[in-house]
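Please examine the sequence and the structure shown below. The paragraphs that follow lead from a single loop residue to the strands, the aromatic rings and the chain as a whole.

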Amino acid sequence: MSASAVRPDVAPAIRPLRPLRPFRLLALAIALAGASAGDAHATRGSRYVTTGRCAGVPGVQLKVAKGFCVGLAASGLGLPRGVLPLADGRVLVTDLGRWDAPAGRLLLLSPRPGGYEVRPLLKGLDRPHGLQAGPDGQVYLAEAGRILRVNLERTPPTVTPVITGLPAEGRHPLKQFVFGPDGAIHVNVGASTDHCEDAPAPRGMRCPEAERDTPGAAIWRYALVDGRWVGKPYARGLRNAMALAFAPDGSLWQAENSRDTLPGGVDSETLPHDELNRIRPGAHYGWPYCTDMGRFDPAFAPGDCSRHAKPERLLPAHSAPLGMVFYTHAAAPDAWRGSLVIGLHGYRRQGHRIIAWRFDASGKPARNFTVLVDGWQATARHPLGAPTDIKADTRGRLWVTAARNGTVPVISSDRP
């Protein structure tokens, strides 16, 4: 994985489509067979039946915590993934487009009376996901293989590659990233497999992807050194760290998408659990050898999970946390301020809801989470929901992307 110098030259905003290569077909088949399979049907199912108003847009009927409502800001967005509310009230959204070709978009939602106008700013992006505001005030966007800086002051916007050479194939090609308090970029490099099933025989080997000098299944940290972003592994043994957030005390937290199945006929509906991890530099969090609080996979050796960092808390199996944010804004309701809000994207019964974890004064999460939004199973009143990314704006509203039904819901404590 390499980094490019930050230069004033600009990469094309719209790139031509590349021919479909055989390994792209394989990556597509794997991706659609896994947790993102339901995203292929984003436009199917019933539309939301709206009633009343919430945050200035039509309200939708979901099970929501007392004092909150959910509104429908936009629909028909394809496969929306990342979201970023801007200070001026506009909202950016990445549309993944397709898994097998660079057909993604960057969308701009602009407030209009009664709703939001949607306009594409960039096209031809390669499986875009992560969106963040940098400490320099610029917008940063993650494609599968690189991170771009987007200049919204240009029409059309221009992009500059910042980090390049990220692995873009395999089972988990999408990239999430966050800026640390020191301005460094922390990037998820997801495992190329489910549980290192492609490791060479004989059985009992260590997993090469988790142990090499340039590991996958890891968080990489990129720091700006003499005008170049220089990266190195920050923490490893993390199968797919699509949910990343820095706490107010400066600690990095990750919600782990654990492996799909366990050996030995274990019930894959209840195990293994997904995880909430506090990330410490240099730590190994166990993938693919250990799951839960130290459950060892005998396919690997040696069988000692004590050498690996354990989760702070366990999430329901296959709930698939994909976005999270510390809800610290002054406008957040008192009872929820400081909570870690997580969107559960999972395609099984434990997914399609938004939860919140309260933290105590010492920075430890409570034993159990609280459900903020639930009831996203497909009904006559709304299509199946699968929260993907989540961010808070300066008014304390929570903006959510829902890839499976192609919408952007907004959660608010202010109903008008």
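**From a loop residue to the whole chain**

Leucine 384 lies in the loop between S27 and S28; strands here are DSSP runs of E with at least two residues, helices are runs of H or I with at least four residues, and both are numbered from the N terminus. The model is predicted, so that local features need pLDDT of at least 70 and side-chain atom pairs count only at pLDDT 80 or more, while totals for chains, interfaces and linings use all residues. Residues are numbered from 1 along each chain as its sequence is written, and side-chain values use heavy atoms, with hydrogens and water left out.

With a relative accessible area of 32%, leucine 384 is partly exposed; buried means under 20%, exposed over 50%, and partly exposed in between, with a 1.4 Å probe and protein chains only. Apart from its neighbours within four places in sequence, leucine 384 is in contact with His352, Trp376, Gln377, Ala378, Arg404 and Asn405, where contact means heavy atoms within 4.5 Å. Its C-alpha atom is separated by 9.6 Å from that of tyrosine 347, 37 residues apart along the chain.

Strand S28 (residues 387-392) has six of its six residues buried, so it is largely enclosed by the rest of the structure. S28 and strand S29 (residues 398-402) run antiparallel and are joined by four bridges; two strands pair if DSSP finds at least two bridges between them. Within this pairing, lysine 391 stands opposite tryptophan 399 in S29. The hairpin of S28 and S29 has five residues between the strands, and glycine 396 takes a positive phi near 85° there.

Another region forms an open sheet of four strands in the order S18-S19-S20-S23, with antiparallel pairing. Strand S18 (243-246) and strand S23 (313-317) stand at the edges with a single partner strand each, so one side of each is left without a neighbour in the sheet. On average, neighbouring strands of this sheet are turned by 20° against each other, direction ignored; axes are lines fitted to C-alpha atoms, for helices over the stretch in contact, and angles run from 0 to 180 degrees between N-to-C directions. Four bridges join S18 to strand S19 (residues 252-256), and leucine 244 stands opposite glutamine 254 in S19.

The structure also holds nine aromatic pairs. Rings of Phe, Tyr and Trp (its six-membered ring) pair if their centres lie within 6.5 Å, and planes under 30 degrees apart count as stacked, over 60 as edge-to-face and the rest as tilted. One of the pairs joins tryptophan 357 and phenylalanine 369, whose ring centres are 5.4 Å apart with planes at 75°, so the pair is edge-to-face. Tryptophan 357 belongs to strand S26 (residues 353-357), and phenylalanine 369 to the loop between S26 and strand S27 (370-374), 12 residues apart. Tryptophan 357 is buried, at a relative accessible area of 0%, whereas phenylalanine 369 is partly exposed, at 24%. Elsewhere, ring pairs link Tyr140, Phe177 and Phe179 into a cluster.

Charged groups also meet rings. The charged end of arginine 206 sits over the ring of tyrosine 289, 4.1 Å from its centre (CZ of Arg or NZ of Lys within 6 Å of the ring centre and within 35 degrees of the ring normal).

Taken whole, the protein chain has two helices and 30 strands, and 58% of its 416 residues count as buried.
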